[in-house]
Amino acid sequence: MNDTIHRRGSPTCSKVSKNGDEAKSIGNDGDDNSNNNTDEQQSRSVEHVTKKLKEMQRAIDDPTIIRPDDRKALDFALKSNAKYVNDRDFRFKFLLAEQMDAVAAAKRFCFFFQCKLDYFGPELVATDVTQDDLPDHVVEMLYNGSGQQLPLRDVAGRVIQAIFQ
């Protein structure tokens with residue numbers, strides 16, 4: 001018969017006998033090294049993200065990567081609302097979408113603003129688009145169920161949207 005009780009706690013998991021003696025410690029030895037390691041890892045992660053965001057900005061600024069014609073919508077959005085466009089968390093989403101590839105994220109970022117300008121016009125290019133910004137017929141289509149997301153994806157892994165008439 002096993003006389004031990006497993007005690008779970010942060011940051012260690014210890015095996016403790018019923019009389020209270022510590023039989024085996026799993027994890028750290030009770031010192032603060034694991035907390036320091038976590039802080040160190042977080043610091044490295046923040047540094048890595050900052051480095052990738054700077055690489056992304058260099059790619060955006062490099063005319064051999066992003067042609068000036070492909071930057072027009074981005075430049076317009078920057079003039080309209082630089083705070084929105086330069087938001088760190090907002091840009092980070094593009095890096096995540098491209099598995100931290102800064103050049104691909106920069107291209108996606110510029111394409112995003114071009115699509116937004118094409119679909120929603122200059123008034124909404126540098127803001128979050130909400131349901132209130134959509135035309136009535138589009139909102140009606142959303143609510144009546146004529147547009148539905150299929151339960152499968154295409155070969156590239158994208159969602160398939162079907163619109164029934």
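1. In α4, the buried residues are Ala102, Ala105, Ala106, Phe109, Cys110, Phe113, Cys115 and Lys116. The model is a predicted one. An α-helix has 3.6 residues a turn, so residues three or four places apart point the same way.

2. Helix α4 covers residues 102–120, and its 19 residues should span 27 Å at 1.5 Å a residue. The C-alpha atoms at its ends lie 26 Å apart, which agrees.

3. Both ends of the helix have a feature to check. At the start of α4, aspartate 101 places a side-chain oxygen within 3.2 Å of the backbone nitrogen of valine 103. After α4 comes glycine 121, with a positive phi near 85°.

4. Helix α3, residues 88–97, packs with α4 at an angle of about 120°, and the two axes are 8 Å apart. The pair therefore counts as oblique, and the crossing is right-handed. On the α3 side the contact uses Phe90, Arg91, Phe94, Leu95 and Ala97; α4 supplies Ala102, Ala105, Arg108, Phe109, Phe112 and Phe113. Of these α4 residues, the buried ones include Ala102, Ala105, Phe109 and Phe113.

5. Helix α2, residues 72–85, also packs with α4, here at about 100° with the axes 10 Å apart. That angle makes α2 roughly perpendicular to α4. The residues in contact are Ala73, Leu74, Phe76, Ala77, Tyr84 and Val85 from α2, and Phe109, Cys110, Phe112, Phe113, Gln114, Lys116 and Leu117 from α4.

6. Phe109, Phe112 and Phe113 of α4 are among the residues that contact α3, and they are also among those that contact α2.

Definitions and conventions:
Residues are numbered from 1 along each chain as its sequence is written. This is a predicted model: local features need pLDDT of at least 70, side-chain atom pairs count only at pLDDT 80 or more; totals for chains, interfaces and linings use all residues. Side-chain values use heavy atoms; hydrogens and water are left out. Helices (H or I, at least four residues) and strands (E, at least two) are DSSP runs, numbered from the N terminus. The expected span of a helix is 1.5 Å times one less than its number of residues. Buried means under 20% relative accessible area, exposed over 50%, partly exposed in between (1.4 Å probe, protein chains only). A polar contact is a pair of N or O atoms within 3.5 Å; within protein, one must be able to donate a hydrogen and the other to accept it, and residues adjacent in sequence count only if both atoms are side-chain atoms. Axes are lines fitted to C-alpha atoms, for helices over the stretch in contact, and angles run from 0 to 180 degrees between N-to-C directions. Angles under 35 degrees count as roughly parallel, over 145 as roughly antiparallel, 65 to 115 as roughly perpendicular and the rest as oblique. A crossing is left-handed if the near helix is turned anticlockwise from the far one by less than a right angle, and right-handed if clockwise. Contact means heavy atoms within 4.5 Å.
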